[in-house]
Every structure is written in structure tokens, then in C-alpha cells.
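Q: Can you go through this model with me? I'd like to take it piece by piece.

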Amino acid sequence: MFVGRKNELKLLNDAYRSGKDELVVLYGRPRIGKSSLVKYFARKKKAYYEFEALEGETTQGQIDHFTEQLKKQIDDPILDSVRFANWEQVFTYLTQKVLKRRSKVKKILFLDELPWMAAGRIRLVSILKYYWDNHWKDKHVMLILCGSVASFMVKKVLHSNALYGRTTLEILLKGFSPEEAACLLGRKRSREEALNYQLVFGGVPKYLEQINLNRSFNQNMNRLCFSPHGIMLKEVERIFYSQFREPRVYLKIIDLLKNGIFSLSEISAQTRIASGGGLKQYLKNLERAEMIRSIVPFDRSRNSKFRKYTLADEFLVFFFQYIEPNLRTIEESTSRRLFETLTHNSFNP
Ligand SMILES: Nc1ncnc2c1ncn2[C@@H]1O[C@H](COP(=O)(O)OP(=O)(O)O)[C@@H](O)[C@H]1O
Ligand SMILES: [Mg+2]
């Protein structure tokens, strides 16, 4: 069941009906609902082509996977016998087959997880720019570029020289609002329980989706977070490894920020990462991924040294408060009530 996202759907539908060619950039942390949003938006549209990248694949692997998906969406026996050697060949074929003429119906082209498709490099973005400028942009097209790696989407897509000024719509997808989360949790459980879930999982649809509404809050928490095979035990590590090239450095910063709120110089001193060097960039990337947030006193300038950083993601906060310090215990436990024990019953729906 798809819930909420009224504003985002309106933005996408307005762009679809605009009569102009549209280049949409959609980004947001993993599991926040980007792919679901576009699929839902496009579900009844006539000319829709979607291509999802594979995490950690080489460029040739991405091209082969792209071709496989193309085969399923375009009926052309030639595709059984060709192997494209580079992106130019892929897009030349796509142009010939799908985007050659201006059509009445707007064609939607969805590239899901562009940072993976590009294998982390800018080259694919430059190639897309070439095809956009020379072949696609006057053919009644809506190109949607989507990605979970915020730093790539901002630096190499939105702010890149290649695509700068071409983007017509930018959506940073955030977590569900409390109303949307309540819709997903249904009316089966009490308001207090719904609030407790949001305290732990924030508005991340994927996390809320794991909840079994026929079970109590405590039962769900024990199953998801406090049993040896709980699927949330490895989630933080998984996200950091997929988001960042140097996950250990980022985890080190998070490990400090879990203790409170810190300034740049405090973070630098405690993590021993030079503030002039990478640290500012690391913090910016964490902020873009919405894992941390920074606060400047209202009477200070934005570049102020008074800026302070703290954790922003609800599940990160919960993870570092209750799960991470007890990981060994959880992994070895046979108890079904570890959640109650380790949190000292501080959640009481
Ligand atoms: N609007 C929504 N309504 C219901 N479930 C959703 C919604 N958005 C996402 N989900 C669920 O959350 C999970 C993660 O969403 P997904 O679109 O794969 O996230 P992303 O592409 O940002 O990583 C999916 O399994 C999906 O079913
Ligand atoms: Mg996705």
C-alpha cells in the first residue's frame, strides 16, 4: 500500500504535464522511498522506462544490467545478440529506439541510483549532459535522475558544471510526516504506540514497514532490534558502507556526536581529523545524508565558528543509545524481553 507523498506527487505530475522537457533530480537517504515514489507516480503513465543500477558493480556490469532491463521494456530481438561496450552505445541505441522523434505523450526515463550506475565517477554525468543537450531535450522527455548517495547527487549532479542550470526540478525526499507514518501504521494500534515507533525509527518508510501490526510495540522491538538475527542490528553499518567511501571515518564522527552536541574544533580535537582538511567535507556529507544536523545561534553568521553538530537521524540516536553498547549481549541472547531489560522499560506505550 502506497501512502502519502502528496506534495512530491504533485511536483512530479506538474512537471509531467508542463509541456516542456524536464530534468528532475531526486535524492535522499537509502530506504526513504525514492524508488517507490517514482514507480507510483509513473504507474499509469504510457511511455515509462526505468533502469535500476546495481550496488558495487563495474561499469561493464552496469551496462549489461541496463541492457537486460532494456530488453524487458523494448521488444527488439537485436538486443539478444548485442553487448554494448560503453554508455555512448547504450544511449545512442536508446535515442534511436525511443527518443528519436518528438512524441505527443511525454516519455519518462528513470535512472535509479545514478551514483552506482556511474560507478562513483562523473563521466556518466557528462555523457548524459551530451545526450540531453543534443538528442533528448526537445523530444518531450522527462528524465529523472535519482540517487541515495547525497554527496554525489549534490556535487556531481546538481552542482556539476555538466548539468548546472539544466535541472528543472529538484526533490530532496525526507522521511514521512507523523500523519503519513500513522497512515502506514494503520489505525490498528494506539496513538502512543505509533509515536513510540516514530521515536525509534523516525519517518523512514522501510523501517516502519517492518513492523508487524498484529504484535505489540515491545514484541516488534525485540524481534527487529534485540534478537541475534534482528534485521536492524546491521542497518547502521550497511548504510554507512553504501553511503560513504570512507565509512570508518564517518562512523568515528558519529561515535562522538552520539554523546551530545559539538563544535568543529571540538570534533577535530577528539577525532583527530584536521578541521581544515577533510573534516568540514565529512560533516557536510553527513548533513546532506541527513544523519547529522548543525545549529548556529540565531545572532551569528552561517559560517560562524559557533556552529555545532549533533545527530539528526532518530534511528541513529536509538542505535547508539541502546543497541550498539549492547551488541554482544544481543547477539548472544536467548531472551525475548531484552528490549524491556536494556531500556529499563523507558518506552511504555
Ligand atoms: N509512500 C510509501 N508508502 C508505503 N510504503 C513505502 C512508501 N515509500 C516507501 N515505502 C516502502 O519503503 C521501502 C523503501 O522504499 P524505497 O522506495 O525502496 O526507498 P529508496 O529507493 O529511497 O531506497 C519499500 O519497501 C517500500 O515498500
Ligand atoms: Mg531505491
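Q: What does the side chain of T310 reach?
A: The T310 side chain reaches the backbone oxygen of G260, at 3.2 Å. That is a polar contact, meaning a pair of N or O atoms within 3.5 Å; within protein, one must be able to donate a hydrogen and the other to accept it, and residues adjacent in sequence count only if both atoms are side-chain atoms. Note that this is a predicted model: local features need pLDDT of at least 70, side-chain atom pairs count only at pLDDT 80 or more, and totals for chains, interfaces and linings use all residues. Side-chain values use heavy atoms, with hydrogens and water left out, residues are numbered from 1 along each chain as its sequence is written, and chains are lettered from A and ligands numbered from 1 in the order in which they are written.

Q: Is T310 buried or exposed?
A: Buried, at a relative accessible area of 16%. Buried means under 20% relative accessible area, exposed over 50%, and partly exposed in between (1.4 Å probe, protein chains only).

Q: Which strand is T310 in?
A: T310 lies in β8. Strands (E, at least two residues) and helices (H or I, at least four) are DSSP runs, numbered from the N terminus.

Q: What is the strand order in that sheet?
A: The order is β6-β8-β7, an open sheet of three strands with antiparallel pairing. Two strands pair if DSSP finds at least two bridges between them.

Q: And which strands stand at the edges?
A: β6 (262-263) and β7 do; each has a single partner strand, so one side of each is left without a neighbour in the sheet.

Q: How many bridges join β7 to β8?
A: Four, between β7 and residues 308-311 of β8. I292 has L311 as its bridge partner, and S294 has Y309.

Q: Which residues of β7 are on its covered face?
A: I292 and S294 are on the covered face of β7 (residues 292-295), while R293 and I295 are on the uncovered one.

Q: Switching to the ligand. Which residues come nearest to ligand 1?
A: V3, R31, K34, S36 and E209, out of 17 residues around ligand 1. A residue is near if one of its heavy atoms lies within 4 Å.

Q: What about polar atoms close to its oxygens?
A: A polar side-chain atom of E209 is 2.3 Å from an oxygen atom of ligand 1. A polar backbone atom of R31 is 2.7 Å from a ligand oxygen, and a side-chain N or O atom of S35 is 2.9 Å from one.

Q: How much of ligand 1 does the protein bury?
A: 82% of the 550 Å² that ligand 1 exposes when taken alone. The areas come from the Shrake-Rupley method with a 1.4 Å probe; for residues, only the protein chains shown count as cover.

Q: Which elements give two or more residues to the shell?
A: α2 (34-42) and α11 (205-209).

Q: Why does ligand 1 lie between domain 1 and domain 2?
A: Because domain 1 (6-172) and domain 2 (178-227) both give residues to its shell. The domain bounds come from an automatic or database domain assignment.

Q: What else is the chain divided into?
A: There is also domain 3 (236-316). The centres of domain 2 and domain 3 are 28 Å apart, taken over C-alpha atoms.

Q: Last topic, backbone angles. Where is E113, with its positive phi?
A: E113 is in the loop between β3 (107-112) and α6 (114-117), with phi near 65°. E113 is buried, at 8% relative accessibility.

Q: And R272, buried or exposed?
A: Exposed, at 76% relative accessibility. R272 sits in the loop between α15 (264-271) and α16 (275-288), and has a positive phi of about 60° although not a glycine.
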